[in-house]
Amino acid sequence: MAKFGLGRNLDDLQNEIGVAPDISILAGTERVVVRQIPIAQIGVNPDQPRKTFTASDLEDLAASIREKGVLTPIMLRTVRGRDYMYEIVAGERRYRASKMAGLAEIPAIIKNLADDNAMEIALIENVQRENLNPIEEAAAYVNLMNKCKYTIDDVSRLIGKSESYIKNLIRLNALPASVKKLVEQGELSASHARTIAVAENPEELAREIIKNKLSVADTEKRVKRATRATHARAYTNKTMDESDVNDMVKRLGRALMSRVKITERRGGAGTITIAFTTRAHLNEIVEKISGKK
């Protein structure tokens, strides 16, 4: 995401241009219009990855906004069928703090975005700013994969983190709400939580970890002696090896002369996506698969 302005903040630009409802700046090769949008016309994004906003953090930001204004515009998209005209894509913390500061309007960039694009941008912004706790981050990845039909590889390329990092993190999403809360409150580390996520009794193990101050290594030994959760066994036993999937993709791609994507779901099911560039290319693919001309 391009950084707003060219080393200047919004006040500098407003002083230079004068009083105007819109400010037009260049961000890379794209001209971006920053508008003052009434806060009453803005609603929050239900798919916003960040769910936790501490009162003290918002109060500090609100105090800064009262003194200096909102230096970085938020990003919005237009919506229909809602009680508001615009939905937040990025910048909910600035929006909340601006309301606390008593602002009637907030500087914003408005984009025409589909649901999946809005989710991508919201996730990237929060991950890059390191605003998410591990539970929020895990839930955001799972939500993006479920709603946009993304694979772990897709998410990896989107946010620039390794597949192993994402796989380990999304294990947290299977934890009971009580254990997730312990992680969010800092009583249980994300490493401990990932370790007990595959166990049948993570709540009991979490209490044991906290009570006995177990290390991650000790927790791993404890989990090996415990019963594995059904969902963990099913996922482990029925998921194909990544190298096997990549090999299949390459073989199919060469045979069909096309881009191929294999997506496996839990339980061994999945989909194969084959891209084509023209109607003639589509006919060639159909002929190769069916063996008929």
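The following dialogue discusses how to read several local features of a predicted model.

Student: How is a pair of aromatic rings described?

Tutor: In general, one gives the distance of the centres and the angle of the planes. In this structure, a search of the whole model finds zero aromatic pairs.

Student: Which charged residues lie over a ring here?

Tutor: R96 lies over the face of F53, at 4.3 Å from the ring centre.

Student: Are K213 and M257 buried or exposed, and why?

Tutor: The reasoning compares the relative accessible area with a cut-off: a residue counts as exposed when the value is over 50%. K213 has a relative accessible area of 75%, and therefore it is exposed. For M257 the value is 60%, so M257 is exposed as well.

Student: Why does N45 count as buried?

Tutor: Here the cut-off is under 20% relative accessible area. N45 counts as buried because its relative accessibility is 8%. N45 is located in the loop between β3 (42-43) and α2 (55-68). Leaving aside residues up to four places away in sequence, N45 touches E87 and I88.

Student: Which residues of helix α6 are buried?

Tutor: Helix α6 covers residues 152-159, and its buried residues are I152, D154, V155, S156 and I159. After α6 comes G160, which has a positive phi near 75°.

Student: How do helices α10 and α11 pack against each other?

Tutor: One reads the angle and the distance between the axes. Helix α10 (residues 202-212) and helix α11 (residues 216-225) pack at an angle of about 145°, and their axes are 11 Å apart. The crossing in which α10 passes α11 is right-handed.

Student: Which residues make the contact?

Tutor: From α10, the contact is made by E204, L205, E208 and I209, and from α11 by T219, R222 and V223. Sorted by class, the contact of α10 with α11 has three nonpolar residues, one polar residue and three charged residues.

Note on methods
Residues numbered from 1 in each chain as written. Predicted model: local features only at pLDDT ≥ 70, side-chain atom pairs only at ≥ 80, totals over all residues. Heavy atoms only, no water. Buried < 20%, exposed > 50% of the residue type's maximum accessible area, 1.4 Å probe, protein only. Helix = DSSP H or I, 4+ residues; strand = E, 2+ residues; numbered from the N terminus. Phe/Tyr/Trp six-rings, centres within 6.5 Å; stacked < 30°, edge-to-face > 60°. Lys NZ or Arg CZ within 6 Å of the ring centre and 35° of its normal. Axes fitted to C-alpha atoms, helices over the stretch in contact; angles between N-to-C directions. Left-handed = near helix turned anticlockwise from the far one by under 90°. Contact = heavy atoms within 4.5 Å. Nonpolar A, V, L, I, M, F, W, Y, C, P; charged D, E, K, R; others polar.
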